[in-house]
There are 2 protein chains.
Amino acid sequence: MKRKSVTSRDVAKLAGVSQSAVSRSFSADAKVAEKTRKKVLEAARQLGYRPNSIARSLITRSSRTIAVVAYSLENPFYSVMLEKASRYFQQQGYHLQLFFAPSDNGFATVIDDIIRSQVEGVLMLAITMDSAQAEEVADFGIPFVVINRTVNFDGISQVGSDNYSGGYWAGHYLSSLGHRRIAYLAGLPDSSTDLQRQAGFLKGLADVGVDCYAMEVGNYRYADACHATRRLFANSTPPDALFCANDLMAIAAIDTLRHEFGLAVPDDVSVIGFDDIPMADWPSHSLTTLKQPVELMVLKATELLMAQINQIDINTEHIMLPVTPMLRNSTRRSARHPKENLEEVSDAHHPSAR
Amino acid sequence: MKRKSVTSRDVAKLAGVSQSAVSRSFSADAKVAEKTRKKVLEAARQLGYRPNSIARSLITRSSRTIAVVAYSLENPFYSVMLEKASRYFQQQGYHLQLFFAPSDNGFATVIDDIIRSQVEGVLMLAITMDSAQAEEVADFGIPFVVINRTVNFDGISQVGSDNYSGGYWAGHYLSSLGHRRIAYLAGLPDSSTDLQRQAGFLKGLADVGVDCYAMEVGNYRYADACHATRRLFANSTPPDALFCANDLMAIAAIDTLRHEFGLAVPDDVSVIGFDDIPMADWPSHSLTTLKQPVELMVLKATELLMAQINQIDINTEHIMLPVTPMLRNSTRRSARHPKENLEEVSDAHHPSAR
DNA sequence: CTGAAAGCGCTAACAC
DNA sequence: GTGTTAGCGCTTTCAG
């Protein structure tokens, strides 16, 4: 049965105190006699009273809620991120509202909704937005952090990793292995991550005088990557190496190569991914990849958001974290470099304009 | 810069109307002259006004928020579920609050928080709760649906699938393949799903006079399942078949068997999982498993919740959906049954007491 | 159709 | 310490 909601008034009456005494008893840092609080708590228990946090939010103007926006959880990279961020905020006494953005113009459709719901901050996971949208949000004055997507606007904080250098490393490394027909399996077209990884990759190749042999789009998705792989290898002289813009697609590519083309990885084709999702380390794929520091990314992003919310730091920041090559067994072993350098990839190769 | 929040009063002043006219202009079904509404909307636009949904919730006593509680997203089964449920509710104009339950007594620590936040309904994904907790919630009168976990209390709705029959099928099928050293890799101890799958499995074996050869616990997690597999197979006469309480563990087992023990699946060992997560169908594992109808489960659960919220149906329901064997290549091919029956598994074998 | 007025349940001054 | 008094920003009667 639906129990009528019991208010602080009811508790006050039962406990024989004022309504505000009840309110005080439920706030941690308030001057209440221990005796009063005890009385109140007992009355509250009897009535099954729970403070109404909506009323509380209205008056304190703080909802203690953060919006998290994602466009899909197909990629474990983001579900891991979501879980980590979630636990962090929960621990800080915040609640998380989850928004899924539709794939087409995802941002525009959710932003209005988000603003209405009076969240105190917004965390975007790989949501592409243009500078006009960014400006709108910044202008609204709501703390905002974008993870894993660059937006051309200084007014909002961003944390991502060094996609360009990661791409550069992949191109360079694959060619150093002796490969000459090196292909690229692209992610979401026009996403900043894909643009940067691709640019770095192409430069890494170009710097040693190699051209990109072929390119197809996999939209960062497993199924699309399988199709892209088929297109890439339906050729009398197919690629002998493949850089995929994320791990999920790299795994799709490996599966397709092995089970549809009968090609061996890494013997026939070397494959490199990006992200270092948990599966990349599973022995079935043992994927050489560029590790993004998820833990650190989430930490930085959440800290940035909290700082803005608490007005500690009103400035926006653009944080770029280093990526680390993880050498595993999806790439041919190198004769020339018996022991590979697993240091973080430097950003020495960056074009100044990015 | 933090813009001072603009209220309906401000808009009213600018538009030269009363504050209630503004309120009406923003509610879809209200009698306002089209002309007035136009004036108001224009003023609102100028000021960048967005209705404060907290104030609205306070007065309408409806937060239009649903709490979703999960304990981990490591298993894609649940991230898929979360995403589907999320999109469904979003489409109905509801917001989702996400709660992660700590692994130890997860339920107790979040329930108070949930109740305070005035959500209109709660959806629990595989959270174990005892009957006392269930009663507390039911007594509170908040619409509540538990997915994939049985609780011994009629007062709250549940949707799950036929774990017992699925287990039964696995036991029966493995023995029909000629296996005689059939082991069980258990999920979370004392979770209803594990109890039911295990009971069905044991019965399926017993009915053809076979004993369970060995059993270890994998807690439904990849890493734990790797360890469990090592224990299971560190034996001079290891199992020749394995039923795992979920797909994630089955994949872990296959990886460990192939890459650490040098055993072939299915030639040396047949493996069956449970859930049918997307990865199960990837060619790298091609896992024979019992498909839970995720889509339908989410649909039923969300509908149940909405019905309760809208008072259409105040009764609680316990829905058990059928599971479907998905024959793939992680099990030895059957000589006797060249064409396997892929129908839903019947529940003819159920013990009456469950 | 529109405005005035009365709260929703709570917190935060402010006196006592 | 404790009670009293104002609201938070909105929806919703209720007269006009």
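Which residue is the bridge partner of Asp275(A) in strand 10 of chain A? In this predicted model, in which local features need pLDDT of at least 70, side-chain atom pairs count only at pLDDT 80 or more, and totals for chains, interfaces and linings use all residues, the partner is Lys291(A). Residues are numbered from 1 along each chain as its sequence is written, and chains are lettered from A and ligands numbered from 1 in the order in which they are written.

Chain A contains 12 helices and 12 strands, where helices (H or I, at least four residues) and strands (E, at least two) are DSSP runs numbered from the N terminus. Its radius of gyration is 26 Å, well over the 20 Å that the globule rule gives for 354 residues, so chain A is more spread out than a compact globule. The radius is taken over C-alpha atoms, and the rule is 2.2 Å times the number of residues to the power 0.38. The C-alpha trace of chain A spans about 85 × 40 × 40 Å along its principal axes. Of the 354 residues of chain A, 49% count as buried, meaning that 20 or more other C-beta atoms, placed from the backbone, lie within 10 Å of the residue's own.

Strand 9 (residues 270-275) of chain A is mostly covered, with six of its six residues buried. This strand pairs in the parallel sense with strand 8 (residues 241-244) of chain A over three bridges; two strands pair if DSSP finds at least two bridges between them. Phe243(A) has Ile272(A) of strand 9 as its bridge partner. Strand 8, helix 11 (residues 247-260) and strand 9 of chain A form a right-handed β-α-β unit. A crossover is right-handed if, with the strands pointing away from the viewer, the path from the first strand over the helix to the second runs clockwise. Strand 9 of chain A also pairs, again in the parallel sense, with strand 10 (residues 288-291) of chain A over four bridges.

In chain B, strand 6 (residues 182-186) and strand 7 (residues 212-217) are parallel and joined by five bridges. Leu185(B) is the bridge partner of Glu216(B) in strand 7 of chain B.

Between the chains, 37 residues of chain B are in contact with 37 residues of chain A, a contact being two C-beta atoms, placed from the backbone, within 7 Å. On the side of chain B that touches chain A, the largest share, six residues, comes from helix 5 of chain B. Strand 2 (residues 95-100) of chain A and strand 2 of chain B run antiparallel and are joined by three bridges. Leu96(A) stands opposite Leu98(B) there.

Of the 25 residues around DNA strand C, Ser8(A), Ser20(A), Ser23(A), Ala55(A) and Ser18(B) come nearest. Helix 4 of chain A gives the most to this surface, with five residues. Around DNA strand D there are 27 residues, of which Ala21(A), Ser8(B), Ser20(B), Ser23(B) and Ala55(B) come nearest. Here the largest share, five residues, comes from helix 4 of chain B.

Technical notes. A residue is near a molecule or strand if its C-beta atom, placed from the backbone, lies within 6 Å of it. A residue is buried if 20 or more other C-beta atoms lie within 10 Å of its own, exposed if 12 or fewer, and partly exposed in between; C-beta atoms are placed from the backbone.
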